[in-house]
Amino acid sequence: SALVPDYGSLMAWRIAAIVLALVCWVAPQLKGYQPALPLLSLVFVLVLVGELIGRGVFYGLHMTVGMAVAS
């Protein structure tokens, strides 16, 4: 928790963004509709945000480990 202080909240935001993207993508298909382009753009942005948060946490954990152990 010292390496990434907001780990829990960042992971919650990441999962929420990815789940919301999945719901926005699957819900129209379950109703028998093709998702519209603006909705697919929103899905893309939500997945991108979720993955950027995940990568930020990943690199935050791995980039600070070497500095914390060395000092």
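Ser41 sits in helix 2 of this predicted model. With a relative accessibility of 37%, Ser41 counts as partly exposed. Across from this serine one can look to Ala21, which is 20 residues away along the chain, with 9.9 Å between the two C-alpha atoms. Ala21 itself belongs to helix 1, where it is one of the buried residues.

The secondary structure of the protein chain consists of two helices and zero strands. Helix 1 covers residues 7–30, and helix 2 covers residues 37–70. Of the 71 residues in the chain, 18% count as buried. The chain exposes about 5,300 Å², and 75% of this area is supplied by carbon and sulfur atoms. When contacts between residues at least 6 apart in sequence are considered, 69% of them join residues at least 24 apart.

The buried residues in helix 1 are Met11, Ala17, Ala21, Cys24 and Pro28. Ala12, also found in helix 1, is partly exposed because its relative accessible area is 47%, a value between the limits of 20% for buried and 50% for exposed. The C-alpha atom of Ala12 lies 9.8 Å from that of Gly50, although 38 residues separate the two along the chain. Just after helix 1, Gly32 adopts a positive phi of about 95°.

Which residues form the salt bridge? The partners are Arg14 and Glu51, whose closest N and O atoms are 3.7 Å apart. Arg14 lies in helix 1 and Glu51 in helix 2, so the pair ties together parts of the chain that are 37 residues apart in sequence. The structure holds one salt bridge. Side chains of opposite charge can pair in this way when their charged atoms come close. As for accessibility, Arg14 is partly exposed at 21%, and Glu51 is likewise partly exposed, with a relative accessible area of 31%.

The surface of the model also deserves a look. Phe44, Val45, Leu48, Val49 and Leu52 together make a nonpolar surface patch of about 470 Å². Among these, Leu52 is placed in helix 2. Leu52 counts as exposed because its relative accessibility is 53%, and the limit for that class is over 50%.

Aromatic side chains complete the picture. How many aromatic pairs are there? The count comes to one, and this pair is formed by Phe58 and Tyr59. A pair of aromatic rings is described by the distance of the centres and the angle of the planes.

Note on methods:
Residues are numbered from 1 along each chain as its sequence is written. This is a predicted model: local features need pLDDT of at least 70, side-chain atom pairs count only at pLDDT 80 or more; totals for chains, interfaces and linings use all residues. Side-chain values use heavy atoms; hydrogens and water are left out. Patches are made of residues with over 30% relative accessible area and no salt bridge: like charges are joined within 9 Å, nonpolar side chains (Val, Leu, Ile, Met, Phe, Trp, Tyr) within 5 Å. Accessible areas come from the Shrake-Rupley method with a 1.4 Å probe; for residues, only the protein chains shown count as cover. A salt bridge is a side-chain nitrogen of Lys or Arg within 4 Å of a carboxyl oxygen of Asp or Glu. Helices (H or I, at least four residues) and strands (E, at least two) are DSSP runs, numbered from the N terminus. Buried means under 20% relative accessible area, exposed over 50%, partly exposed in between (1.4 Å probe, protein chains only). Rings of Phe, Tyr and Trp (its six-membered ring) pair if their centres lie within 6.5 Å; planes under 30 degrees apart count as stacked, over 60 as edge-to-face and the rest as tilted. Contact means heavy atoms within 4.5 Å.
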